[in-house]
Amino acid sequence: MSDARQPASGASIDERDEEPVLSLTDVEVHFEEEQGIIESFREDPQIVQAVNGVSLDIYEKDVVTLVGESGCGKTTLGKTCIGLQEPTGGTVEYRGTDIWEAKRGNADVPFSEIRKSLQIIHQDPGSSLNPNRRIVEILAEPIKQTHPNLGSSQRRERIYSLLERVGMNPAADFADRYPHQLSGGEQQRVALGRALLMNPDVILADEAISALDVSLRVEMMDLMLELQEEFDTSYVFISHDLSNARYFSEHGGGRIGVMYLGEIAEIGSAQRMIDDPHHPYTNVLRWATPDLGLDAEQAGEPPMRKIDVPDPVNPPSGCRFHTRCPEAREACVSEEPDLYEVEGAEQATACFRELEDHEYWSSPELED
Ligand code: SF4
């Protein structure tokens, strides 16, 4: 690196005097591409680089929103955060304990306890709620795990109180229904309630509002943030939509992490990422999101050289965005940028243009 500025981890733009709940260090998730039977006889499987070299700390009552195009690795990274996906490189620690060492029985903290603390809400709650069980039975399960000594009437009392907390009033009207007898929004409220009943430290909300009507999305995000206070939980919120990411991060006082081809291209507060993005790819996402109210900048062509997304099996050398980046120069083809802190801002960006003395500035522009 040719500048005094130090590389940042995704966490270092949100430094706190406390231990993170989750700490990801240089995490990579590479897996074999699925092959047909004939292909499997002819050639070795190709390796998909779904997540590459990501470091990120998540604190108590934190909000981290991951945003990016389909296939950028945000869901894989989210699942890696909560111990549902084992990384092929790097480490994921829960309060200082390596999650996967705990799973192998090599840690003081049992894996079951860690898993309980890290919950998920899926995009489609209909498929994650057992269709053959009533809502009261679905919600009784986590209570039996966390409070095995409670009697059935006390359990029902808790369930009713929770249903009311997630806006399902009166609870008695919902408790004995089956999931298919609820609307999509009501199902998602039950899924949120079920996750909260485990008293989780972190909830992964994987496109959790994408399937809801636009009018219900803000309501659901408000509810999640309201309950965050009450239940002392953190969110990793995944969205393909920058305007939802902005709303959730802005109201939750958190960060937006923009992902591109398995890497964090830029991370920072919602205000910084929307008002003053430093990475050309964040600018592309802004351009593609009309709801942000940036009309003047959204006219005309997308701020990119090419539309096609490169294959994660064979990502571009150097900066992974160089094949599409309108600012790319020769230096971007061979060297990979770190995440660099943006001076005086809660923001870090993986672009050489952040470094005043980098050879990027004297390097020729890339030919198309
Ligand atoms: S490092 Fe180069 S290619 Fe990558 S985003 Fe910056 S200018 Fe574009």
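# Briefing: helices, sheet pairing and ligand shell

In helix α10, the buried residues are Arg217, Met220, Met221, Leu223, Met224, Leu225, Leu227 and Gln228; buried means under 20% relative accessible area, exposed over 50%, and partly exposed in between, with a 1.4 Å probe and protein chains only. This is a predicted model, in which local features need pLDDT of at least 70 and side-chain atom pairs count only at pLDDT 80 or more, while totals for chains, interfaces and linings use all residues. Residues are numbered from 1 along each chain as its sequence is written, and side-chain values use heavy atoms, with hydrogens and water left out. Helices (H or I, at least four residues) and strands (E, at least two) are DSSP runs numbered from the N terminus.

- Helix α10 covers residues 214-231, and its 18 residues should span 26 Å at 1.5 Å a residue, which agrees with the 26 Å between its end C-alpha atoms; the expected span is 1.5 Å times one less than the number of residues.
- Just after α10, Asp232 adopts a positive phi of about 50 degrees.
- Helix α9 (residues 184-196) also agrees with expectation, because its 13 residues should span 18 Å and its end C-alpha atoms are 18 Å apart.
- Most of α9 is covered, with 10 of its 13 residues buried; among them are Gln187, Gln188, Arg189, Val190 and Leu192.

**Domains**

- The domain assignment of the protein gives domain 1 (12-122 + 207-214 + 232-362) and domain 2 (124-203); such bounds come from an automatic or database domain assignment.
- A distance of 31 Å separates the C-alpha centres of domain 1 and domain 2.
- Contact, meaning heavy atoms within 4.5 Å, involves 19 residues of domain 1 and 16 residues of domain 2.

**The eight-stranded sheet**

- An open sheet of 8 strands has the order β6-β7-β8-β3-β9-β10-β12-β11, with mixed pairing; two strands pair if DSSP finds at least two bridges between them.
- The edges are β6 (118-121) and β11 (340-341), each with a single partner strand, so one side of each has no neighbour in the sheet.
- Strand β3 (residues 63-67) runs parallel to β8 (residues 234-239) and is joined to it by 5 bridges.
- Between these two strands, Val63 has Tyr235 as its bridge partner, and Leu66 has Ile238.
- Strand β3 is also joined to β9 (residues 255-260), in parallel, by 4 bridges; here Thr65 has Ile256 as its bridge partner.
- Strand β3 is largely enclosed by the rest of the structure, because 5 of its 5 residues are buried.
- In a regular strand the side chains alternate between the two faces of the sheet.
- In β3, Val63, Thr65 and Val67 point one way, whereas Val64 and Leu66 point the other way.

**Pairing around β1**

- Strand β1 (residues 22-32) pairs with β2 (residues 47-58) in the antiparallel sense over 8 bridges, and Leu24 stands opposite Leu56 of β2.
- Strand β1 also pairs with β4 (residues 89-94), again antiparallel, over 5 bridges; the bridge partner of Ser23 in β4 is Glu93.

**Ligand shell**

- Around the ligand are His279, Pro280, Cys319, His322, Cys325, Glu327, Ala328, Cys332, Cys351, Phe352 and Tyr360, where a residue is near a molecule if one of its heavy atoms lies within 4 Å of it.
- The shell residues divide into 8 nonpolar, 2 polar and 1 charged; Ala, Val, Leu, Ile, Met, Phe, Trp, Tyr, Cys and Pro count as nonpolar, Asp, Glu, Lys and Arg as charged, and the others, Gly among them, as polar.

**Backbone and loop features**

- Most residues other than glycine have a negative phi, and most peptide bonds are trans.
- The peptide bond from Asn169 to Pro170 is cis, with omega near -15 degrees, and Pro170 lies in the loop between α7 (152-165) and α8 (172-175).
- Gly105, in the loop between α3 (99-103) and α4 (111-117), is exposed at a relative accessible area of 57%.
- The C-alpha atoms of Gly105 and Val218 are separated by 42 Å, and the two residues are 113 residues apart along the chain.
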